[in-house]
Amino acid sequence: MVAKVKSLGLRGIGGREVSVECFLSTGMPAFDMVGLADTAVKESRERVRAAMKNCGCEFPMRRVTVNLAPADVRKEGSLYDLPVFLGLVVASGLLPPLPEDCAFIGELSLEGRLRPVSGVLPMALAAAAAGIRKLFVPADNGPEAAIVRELEVYPAAHAREILSHLRGARPLERQFPGETAAPVRDVPDFSEVRGQDNAKRALEIAAAGSHNILMIGTPGAGKSMLARRIPSILPDMTREEALETTAIHSVVGLTSREEPILTRRPFRSPHHSISAGGLAGGGSVPRPGEMSLAHLGVLFLDEMPEFSREALECLRQPMEDGALTISRVAGLFTYPARFMLVCAMNPCKCGWYGHSSGRCRCGEESVKRYFGRVSGPLLDRIDIQVEVPAVSYEELSTRPAAPENSAAIRARVNAARAVQATRFGVSTRCNAHITNTQMEEHCLLDDEGKRLMESAFTRLGMTARSYTRILKVARTIADLEGAGEIQAPHLAEALQYRQLTAEG
């Protein structure tokens, strides 16, 4: 007989239904697996053989054929161990045919224990979309799968538990969605930062509108310290945003039983030695890179000019489109990459150009060459460019009576995002991503603003891109101030954040 077991698989960051078909026939004992299975899938026969014996089931000494359908889609990983195991048990007559609304995923140990697998959330979403109502997963994957409320999720620690459930002897307990409160973490607070009021204001604007930002300053001025505190002021995530980011992190195995869903926006900070493939994603069957892992969060590039030119240039297209497409022999893979880029760099190779100590010995040409490591088109895509000066002794030695903490800044950021959500609905999440049509309606300038913009456009040598990005930043500043229209002071502040690279 042919036993059919429903399972699931991954393609990119999306799940898809997979049918595992097991057939026992006469002939010399053999085990054949077809359906574009990779090495990890084919090795399941040895794990399944041992697990069946350790669960009290006799492995069939017949010719075994396992087909993974659809046969034209590549199958990867160890998640098919459990459905193959159950298929052989059913085909051997040790278990009745399985219900049509059930699906199974999980890796088996040799003794039959179920080990967790990656990508459970996108597979659970695909199961719900395919009409599957009951999903059986390893115990450690239960909380993540239960996020999909349309499914009945049954976690199990051992294959014997699933056999007992299917035979009606000892039903498994259903996993219900748990609390999704963010785990307690020691996140650095902005109240610890002395001075740098201008930089803190710029970061608040960037967080409120998800604008890209570049900080330029001498070593020890506080660029990295400021960047590390950005997560403390990022706006809250909606459930839809949390599902999007969690699905990406799940595929690369970054979720856990303790934190099955991301409740804080991601903050990714790759080392400058990372390759273009590490940023964008890669491999023979591509996996998401740092840009996708930072989706709806922050991608922080410290010492930006030290990154390879190839790595930096691969940022340009995702910064515009919010997604990137990777072409491989295995097919085309599109990953979301709607991140807020935060960069930090020194003003020259030695780092001390412009410092009051006068210790810099870099010539003007050397400074230009160092700054030239970051291309003009990439700089043009960075909305806010702010100088982070060295902190004075007085600022370091004097503690403010009531320093503003991150909670106060975050409250203003959330309020500004709420205004944007009301204005744009579900079509656009924040000001940095508004379309040209939306700009014509919501980024209008009065006569004074038009005169100011006309003067700045010529003086700063702005491009059409920088023009629109300045308007978007001005719109965010107006939202933070609670203003319905962009006024000249809002535009003037937005313009000052573009003068560093324009003049440098």
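**Figure 1. The largest nonpolar core of the predicted model has 69 residues.** A nonpolar core is a set of buried Ala, Val, Leu, Ile, Met, Phe, Trp, Tyr and Cys residues joined through side-chain atoms within 4.5 Å. Buried means under 20% relative accessible area, exposed means over 50%, and partly exposed lies in between (1.4 Å probe, protein chains only). The residues with the most contacts inside this core are V66, F85, L86, L88, F104 and I162. Helix α3, residues 81–91, gives the most to the core, with eight residues. Helices (H or I, at least four residues) and strands (E, at least two) are DSSP runs, numbered from the N terminus. Apart from this core lies another one of 48 residues, which includes A202, A207, A208 and I409. The model is predicted, and local features need pLDDT of at least 70, side-chain atom pairs count only at pLDDT 80 or more, and totals for chains, interfaces and linings use all residues. Residues are numbered from 1 along each chain as its sequence is written, and side-chain values use heavy atoms, with hydrogens and water left out.

**Figure 2. The surroundings of F104.** Contact means heavy atoms within 4.5 Å. With neighbours within four places in sequence left aside, F104 is in contact with V5, K6, S7, L82, P83, L86, L98, F136, I162 and L166. Among these partners, L86 and I162 are also listed with F104 as having the most contacts inside the largest core.

**Figure 3. Helix α4 packs with helix α9.** Two packed helices are described by the angle between their axes and the distance between the axes. Helix α4 covers residues 120–129 and helix α9 covers residues 239–251; the angle is about 120° and the axes are 7 Å apart. Axes are lines fitted to C-alpha atoms, for helices over the stretch in contact, and angles run from 0 to 180 degrees between N-to-C directions. The two helices are therefore oblique to each other. Angles under 35 degrees count as roughly parallel, over 145 as roughly antiparallel, 65 to 115 as roughly perpendicular and the rest as oblique. V120, L121 and P122 of α4 make the contact with L243, T246, A247, S250 and V251 of α9. By class, the contact has six nonpolar, two polar and no charged residues. Here Ala, Val, Leu, Ile, Met, Phe, Trp, Tyr, Cys and Pro count as nonpolar, Asp, Glu, Lys and Arg as charged, and the others, Gly among them, as polar.

**Figure 4. Helix α20 packs with helix α21.** Helix α20 (residues 464–480) and helix α21 (residues 488–496) have axes 8 Å apart, at an angle of about 125°. That angle makes α20 oblique to α21. The crossing of α20 past α21 is right-handed; a crossing is left-handed if the near helix is turned anticlockwise from the far one by less than a right angle, and right-handed if clockwise. On the α20 side the contact has I470, L471, V473, A474, I477 and A478, and on the α21 side H490, L491, E493, A494 and L495. These residues divide into nine nonpolar, one polar and one charged. E493 is buried, with a relative accessible area of 17%. Leaving aside neighbours within four places in sequence, E493 is in contact with R201, I205 and I477.

**Figure 5. M340 in strand β17.** The strand covers residues 340–345. M340 counts as buried, at 2% relative accessibility. Not counting residues up to four places away in sequence, M340 touches A206, A207, S210, H211, N212, L234, G297, V298 and L299. One of these, S210, lies in the loop between α7 and β10 (213–216). S210 is not a glycine, yet its phi is positive, at about 60°. S210 counts as buried at 10% relative accessibility.

**Figure 6. Backbone details at P70 and Q196.** Most residues other than glycine have a negative phi, and most peptide bonds are trans. The peptide bond from A69 to P70 is cis, with omega near 5°. P70 is in the loop between β4 (63–69) and α3. Q196 has a positive phi, near 55°, in a residue other than glycine. Q196 is found in the loop between α6 (159–167) and α7 (197–209), and counts as buried at 7% relative accessibility.
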